[in-house]
Amino acid sequence: MRGLLGLLVPVLLLLGWQLLATSGLFSASQLPTPGAVLGALRELLDRGELWHNIAISTQRVLLGVAVGAGSGLLLGGLVGLSRPVRSALGPTIAALRAVPSLAWVPLLLLWLGIGETPKITLVAIGAFFPVYTTVSAALDHVDRHLVEVGRAYGRRGIPLFLQVQLPAIAPATLSGLRLGLAQGWLFLVAAELIASSIGLGFLLINSQSTGRTDILILAIILLAVLGKLTDGLLGLLEKAVLHRFG
């Protein structure tokens with residue numbers, strides 16, 4: 001029943017889209033019908049371009065999120081566990097978090113050139129901050145009584161972290177990873193502005209310049225579907241962890 005309810009809104013949006021596209025309010029170049037977008041999907045499949053674009057974008061997101069989330073886990077752990085480290089790094093990282101994604105693009109181009117490295121780096125920046133913030137805050141709010149009980153049983157340092165603190169922050173950490181993954185997909189489009197010739201972000205921008213609104217809408221839909229699929233996989237992992245530690 002819940003799955004059917006989840007499908008209701010997309011179906012209604014599809015119907016509304018069809019009605020609006022055929023109402024005469026917009027030209028076909030401004031708002032193509034769902035059928036035209038489906039035709040664009042077939043066209044890209046026939047030309048063998050679609051899977052290549054999807055594979056490159058997915059690779060960039062997965063690599064960027066792995067780097068960004070790994071750095072977020074490490075630095076968030078240090079800041080959450082150590083007050084001196086928090087005092088030293090917390091304000092600076094909080095300031096950097098406020099920098100808009102596009103503001104990094106010129107600097108990354110200058111430092112890293114126009115290859116894959118700046119694109120993956122930008123995605124990593126996007127994934128870093130949600131994971132860092134979630135982990136550092138979760139560690140800072142672990143129940144003090146729980147930590148004291150762990151110490152009373154002789155746990156110190158790494159054993160205390162692995163056996164007491166890590167299980168306590170596991171659900172929040174996985175939520176942070178899901179947010180980081182979502183940010184990774186958001187930053188992908190900005191990343192593929194960097195002299196890119198392939199990828200869904202490039203497809204989006206290139207279709208705008210060539211007037212192919214059907215491909216533009218298709219690229220947006222594919223980004224949404226891929227984001228939802230990868231989030232769903234992390235959601236399954238989150239449920240398994242909650243079942244284990246809940």
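Author: Let's start with one term: a residue is buried if its relative accessible area is under 20%, exposed if over 50%, and partly exposed in between (1.4 Å probe, protein chains only). Phe128 and Tyr132 are both buried. One caution: this is a predicted model, where local features need pLDDT of at least 70, side-chain atom pairs count only at pLDDT 80 or more, and totals for chains, interfaces and linings use all residues. Residues are numbered from 1 along each chain as its sequence is written, and side-chain values use heavy atoms, leaving out hydrogens and water.

Reader: Okay! How many helices and strands are in the chain?

Author: Helices (H or I, at least four residues) and strands (E, at least two) are DSSP runs, numbered from the N terminus. Here you get 10 helices and zero strands. The C-alpha atoms fill a box of roughly 70 × 50 × 30 Å along the principal axes. Of the 246 residues, 38% are buried.

Reader: How do I read a pair of aromatic rings?

Author: You describe such a pair by the distance of the centres and the angle of the planes. Rings of Phe, Tyr and Trp (its six-membered ring) pair if their centres lie within 6.5 Å; planes under 30 degrees apart are stacked, over 60 edge-to-face, the rest tilted. A search of the whole structure turns up two aromatic pairs. Phe128 and Phe129 sit edge-to-face, 5.0 Å centre to centre with 80° between the planes. Phe128 and Tyr132 are stacked, at 5.5 Å and 15°.

Reader: Where do Phe128 and Tyr132 lie?

Author: Both are in helix α6 (residues 116-140), four residues apart, which is about one turn of the helix. Ring pairs join Phe128, Phe129 and Tyr132 into a cluster.

Reader: Why does Phe129 count as buried?

Author: Because its relative accessible area is 12%. Phe128 is buried too, because its value is 13%.

Reader: Which residues is Asn53 in contact with, leaving aside its neighbours within four places in sequence?

Author: Contact means heavy atoms within 4.5 Å. With those neighbours left aside, Asn53 touches Ile198, Gly199, Leu200 and Leu203. Across the chain, among contacts with a separation of 6 or more, 71% are between residues 24 or more positions apart.
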